[in-house]
Amino acid sequence: MTLDEQLAALVGKPLGAGGPSVAPDPVNQPMIRHWAAAFEDHNPVYVDPQYAADTRFGGIVAPPLMLQTWAMATPTITGIAERGGSPVERGGAFVLTVLDEAGLVGTLATNSEFEIERYLRLGEIVSAETVLESVSPEKQTRLGPGRFVTWVTNYTVGNGEVVGRQRFRILKFRPRGRRTDE
Amino acid sequence: MSSRHIQTLDWNTISVGDVLPALMIDMSATRIVAGAIASRDFMPVHHDRAYANEQGAPDIFMNILSDTGWCSRFLTDWAGPEAMVKRLAIRLGVPVFPGHVLTYNGSVTDVSRNGDDGLVEVEFSAVNELGEHVGGTATLSLPILSRRAPTV
């Protein structure tokens, strides 16, 4: 099978083999506080329960753009560099693994588009289901030859209530200054 | 710490062309690493310079999840704590390396109403020493607290 055929076979399919990825922890105050501190975002609805209770949210809510963060896998730090930065081992048919094996080992995110249905409350458990939308033909970019990979994620809580959607695009590229015959 | 003086903007006071207060952030290595880890992005290019060099980058660079965090803060610093980010779409240009100063600017491009929801469209970008790092659009929902003044 050519690389193009291999990639075409993955388009429209779930990105991971194991079904939706479920957040390792429910929406929680410590992770929210950590996020708010990192971006020095002093919005009181994220951290001040008394303030938040009197707002339209009725209580603490998570920063809306933490949506992607909740469902990220707990990383295995050992070997993360050897895995090209992937937080966990990936299956052989995973699109990024296929591209890595084709020499496109560099990864750079280029686009992120979120629709937020509602803000998340403490205790909610986020599930993310991601489908590969497209893989571009190889193009010349300022970083080297590469392909744009786009996937779409539905974020749900409880019995499948959709709380947000995301379209995410990355460039997988062959880094310059790296031998291509290795 | 009291934060009760912070006001959320009334949708009726917003007009197309309104300019958001600029936000300037000195993107130290600490901020880049803190953002990556708070967003649970452990890709070594965001905290390990030697690894970033191997990938062809001169230094570690900011991750896209941090971009969404900074953009969200830029928007709600202006709109207030009860504003809701309903949509955020960003595209990345040049990278942000430690030592860069990132300056966010934006303005209102549309104002509309959907039932009790007051919607505001914002177009924004952030530039650093290398050029435009991020550009995008967002939809915010604001409370409708008064009657809109009739347009002349």
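Reply:
**The strands at the join**

Strand β2 (residues 106-116) of chain A pairs with β2(B) in the antiparallel sense, over 5 bridges. Some terms come first. Helices (H or I, at least four residues) and strands (E, at least two) are DSSP runs, numbered from the N terminus. Two strands pair if DSSP finds at least two bridges between them. Residues are numbered from 1 along each chain as its sequence is written, while chains are lettered from A and ligands numbered from 1 in the order in which they are written. The model is predicted, so local features need pLDDT of at least 70 and side-chain atom pairs count only at pLDDT 80 or more, whereas totals for chains, interfaces and linings use all residues.

Which residues face each other here? Ser112(A) stands opposite Ile90(B) in β2(B). Glu115(A) has Arg87(B) of β2(B) as its bridge partner. β2(A) also pairs with strand β6 (residues 161-173) of chain A, again antiparallel, over 10 bridges. There, Asn111(A) stands opposite Arg169(A) of β6(A). In a regular strand, side chains alternate between the two faces of the sheet.

Now widen the view to the whole contact. Two residues are in contact if their C-beta atoms, placed from the backbone, lie within 7 Å. By that rule, chain B supplies 35 residues and chain A supplies 39. On the chain B side, the elements giving two or more residues are α1 (29-38), α3 (64-79) and β2 (84-92). β2(B) gives the most, with 9 residues. By class, this side of chain B holds 19 nonpolar, 9 polar and 7 charged residues. Here Ala, Val, Leu, Ile, Met, Phe, Trp, Tyr, Cys and Pro count as nonpolar, Asp, Glu, Lys and Arg as charged, and the others, Gly among them, as polar.

Next, look at α1(B). A residue is buried if 20 or more other C-beta atoms lie within 10 Å of its own, exposed if 12 or fewer, and partly exposed in between, with C-beta atoms placed from the backbone. In α1(B), Arg31(B), Ile32(B), Gly35(B), Ala36(B) and Ala38(B) are buried. The buried residues of α1(B) pack against α2 (29-38) of chain A, and also against β1 (23-27) and α3 of chain B. After α1(B) comes Arg40(B), with a positive phi near 65 degrees.

Then there are the cores. A nonpolar core is a set of buried Ala, Val, Leu, Ile, Met, Phe, Trp, Tyr and Cys residues joined through C-beta atoms within 7 Å. The largest has 67 residues, and Val61(A), Val126(A), Cys71(B), Leu75(B) and Leu140(B) touch the most other members. α3(B) provides the largest share of this core, 8 residues. Leaving aside residues up to four places away in sequence, Leu75(B) touches Val85(B), Val122(B), Ala138(B) and Leu140(B). A second, separate core has 11 residues, including Leu7(A) and Leu171(A).

For contrast, take Pro58(B), in the loop between α2 (49-54) and α3 of chain B. Is Pro58(B) buried or exposed? Pro58(B) is exposed because it has 10 C-beta neighbours inside 10 Å. Its C-alpha atom is 8.3 Å from that of Phe97(B), 39 residues apart along the chain.

Last, step back to chain A. Its secondary structure comes to 5 helices and 6 strands. Of its 182 residues, 33% are buried.
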